[in-house]
Amino acid sequence: MPAIGTASASDSSVEEQLQTVASWIALAALLLTAAALLNQRHLRIRESDRGRDAADPAKVGIFYVNPPSYFQVIRGRQTVLPSVPTISSLIRAGDLGLWTSATLDCIEASPGRPGWVPLMESLVCSIALAQQQSPCHELVDLALSPEMRLLLDRSKELLVPNHRLVSRLGFYAGPNPKLINCVRNFDRSERNPKDSRTATLHVHPAIPTAAEHTCTPPVSQISSSSTSMSPLLIEATPLWLLQSHLCVPISSLEILTLAAALGIPLSINDFTQHIHGTGPVNSSLSVNLTASVSSNVATLSIGHAPSSLPRNVNGSGSGYTPTFAKHIAFGCVPFAENGSWIRAVYVTEGVLKGIKEGRSIRDATQGYGGASMGYLWDLPAAREVDAMYHCVDGWGSDGQTGELKTLSGQGMQVETGMLKGKGGKGLVRATWQRAVVGIAFGGLVPQAGRLLVEAVDFTVGGTNLGGCIDELENLMDDLHELDAGDEREKRELFGDLVRDRCRLRDNVSGMDVSKPMRWGTAKAAAIFHRYMTLLESVAARCNLVGGDNTGEEEEREHCERGARVVERIFEESVSLMDRVYVAAVRSHLRGNLVEEAPEWKPSEAEATLLNEDLGRSLAGIRPRLSQNNGQFALRDCAIVVRSVLAAWACQVPTIRWNDEEIIDLELGPLSASEFTPRMRRLAVLADLAQIAGLG
């Protein structure tokens, strides 16, 4: 009997164990089923998450957001679309000197990424570099929003030594730099107290109002009298999802501003309503005005493709500023600022006539400038535009020509950046020819208003170019050969074209490398960028730079020398342009018999100056360069500036603006009665969608 009881107890224990195992198996199966269901829900929600690309740094770069966790996804949470700086904010950053067209050269083609990513990433990297290099970067940091600080911190991880933006700094560094930054701050101007117009922007209290010019590239300096940084860096906008593509919201004014800043002329096909334009470094904008059914919003795409042609590859110079690009494209020449305003001369038909006759240009408060001036007033900017175009009255006092006058009729004076002793400033007379010289110092843009180009060409005496363009290229070749840097530095200084051309010159003589003609914006931008690099190389070799400097203040003294060189070259160029312009005006008055004009007769010296072959003047500099150990005299620097301006005026692509809204690229302005749909005409603001998505 005991044996039977023991067997029963053993069987019962086995059954209990089996039941326990079965229970655990059932629980495990239940858990696995639940996990599978949860995983399926996770996958289903992730697949339905249209914004999941925003969490992928490979697709959106530094603008990525952290993806929701596994359990957040299970609870139904999807990726929150990130906020990015608005196009207006980035344009204002350029107005404040935080980036130039040289920043656009760093954009690389990125297949599989939206076109706005490499563009905005490059601009944010430039702002981050400016924050690091600027002597007041800790003050600028006070105006940063938390979102912008995060983007700047991420962008700093990209600024490795071989990054294009960082490597460019090496050309401007050291006691003997290869380049000196020639993007010059505008002269300072005070507004007339009787002017009833009020500024809508104010100087931020944390930003110094008189930042000195430095020897480093523009990305390392904050423009003098910088306006409030708060709207620049706080303004952000969430990304849009249009047809499963991440897009940046952009208004019609922002499209027009972006195209002007990038140097992209926009044309429209009236039959397809498709807008397209190709600009420098092969950047292009394409606007599809046919709204999609799902979004009901027009789409705009920007593409980037590095040029395979050496002639379209830029050098390492500073390029042009967005402020100049916007103004010159719409027919204005900016010449001074006072913190909240940019003062400019708007070249109309009447102003052009007055410039050729040497009359004074007077400011006023009433009158309509024209369609292009209206566009410029509305474009996003860090400073408001105060354009002078209303009245052209008599000749200046004491026989002065091209004088700019205030509302009260008095001659306008501006405060220059000329160093006198320890940082002193000087007041000089504001003139049209002084404004023209400023174009060479940050305004060699790839598109300009037609009337403005004609006025500049007249002012610099560009009627007798001769071999000017060819000699500018020859001068680049000479500087390339004089450069003692390694092969990589020599290639990056002026670009592949100059390097390859110098190799060919060893076996071929008498090469005609350039001819005066209107190029497309892509090639024109590359040419003008080389001109800016040439000017900065000439400034670095100006014989004002020199001396032995040691000690802790060596870099500061070096920057002061760089600033002094730029200002001396500028003032010497203004002095030369004064003489050239007076000679051009007197020759024009004598040849056209203008009524009430002073009986000015060009002197023999003026006639010689006006009629001299600019090519021969440049050719005469090259022997002196070798005799002076590779250094330029100050007067030779002024000749280079004049030649660069003349070459720019005869090659820059022009835009025909008029009061009419519709302008044909070949035929000019069209009235409403004669307008017929065309395959290609200039796109104006009325053609652009009020709001679009930049992809």
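Which residues is Gly 319 in contact with, leaving aside its neighbours within four places in sequence? They are Ser 101, Val 183, Gly 442, His 529 and Met 532, where contact means heavy atoms within 4.5 Å.

## What you're looking at

This is a predicted model, where local features need pLDDT of at least 70 and side-chain atom pairs count only at pLDDT 80 or more, while totals for chains, interfaces and linings use all residues. Residues are numbered from 1 along each chain as its sequence is written, and side-chain values use heavy atoms, with hydrogens and water left out.

The protein chain has 24 helices and 23 strands. Both are DSSP runs numbered from the N terminus: helices are H or I with at least four residues, and strands are E with at least two. Of the 695 residues in the chain, 56% are buried. Buried means under 20% relative accessible area, exposed means over 50%, and partly exposed is in between (1.4 Å probe, protein chains only). Now take the contacts in the chain with a separation of 6 or more: residues 24 or more positions apart account for 77% of them.

## Two loop residues

Back to Gly 319. You'll find Gly 319 in the loop between β9 (298–304) and α12 (322–329). Gly 319 counts as buried because its relative accessibility is 6%. Follow the chain for 211 residues and you reach Arg 530, yet the two C-alpha atoms are 8.4 Å apart in space.

Leu 444 sits in another loop, the one between α15 (432–439) and β18 (448–449). With 5% relative accessibility, Leu 444 counts as buried too. Its C-alpha is 7.0 Å from that of Trp 648, although 204 residues along the chain separate the pair. Not counting residues up to four places away in sequence, Leu 444 touches Tyr 320, Ile 439, Phe 528, Tyr 531, Met 532, Val 644 and Trp 648.

## A proline in a strand

Pro 334 belongs to strand β10 (residues 332–337). Its relative accessible area is 2%, so Pro 334 is buried. Val 345 is 11 residues away in sequence, with 6.4 Å between the C-alpha atoms. Leaving aside neighbours within four places in sequence, the contacts of Pro 334 are Phe 186, Phe 324, His 327, Ile 342, Arg 343 and Ala 344.

## Helices under cover

Helix α6 (residues 116–133) has 18 residues. From first C-alpha to last it reaches 26 Å, close to the 26 Å expected at 1.5 Å a residue; the expected span is 1.5 Å times one less than the number of residues. Why is α6 largely enclosed by the rest of the structure? Because 16 of its 18 residues are buried.

Helix α16 (residues 450–459) is mostly covered, with seven of its 10 residues buried. Those are Leu 451, Leu 452, Val 453, Ala 455, Val 456, Phe 458 and Thr 459. After α16 comes Gly 461, with a positive phi near 65°. Over in helix α13 (residues 349–356), the buried residues are Val 351, Leu 352, Gly 354, Ile 355 and Lys 356. Gly 358 follows α13, and its phi is positive, near 75°.

## Helices side by side

Two packed helices are described by the angle between their axes and the distance between the axes. Helix α17 (residues 468–482) and helix α23 (residues 614–627) have axes that come within 8 Å and cross at roughly 15°. Axes here are lines fitted to C-alpha atoms, for helices over the stretch in contact, and angles run from 0 to 180 degrees between N-to-C directions. That makes α17 and α23 roughly parallel to each other, since angles under 35 degrees count as roughly parallel, over 145 as roughly antiparallel, 65 to 115 as roughly perpendicular and the rest as oblique. The contact between α17 and α23 is made by residues including Leu 472, Leu 475 and Leu 479 of α17 and Leu 618, Ala 619 and Leu 625 of α23.

Ser 617 is also in α23. At 15% relative accessibility, Ser 617 counts as buried. Apart from neighbours within four places in sequence, Ser 617 is in contact with Glu 612 and Ile 639.
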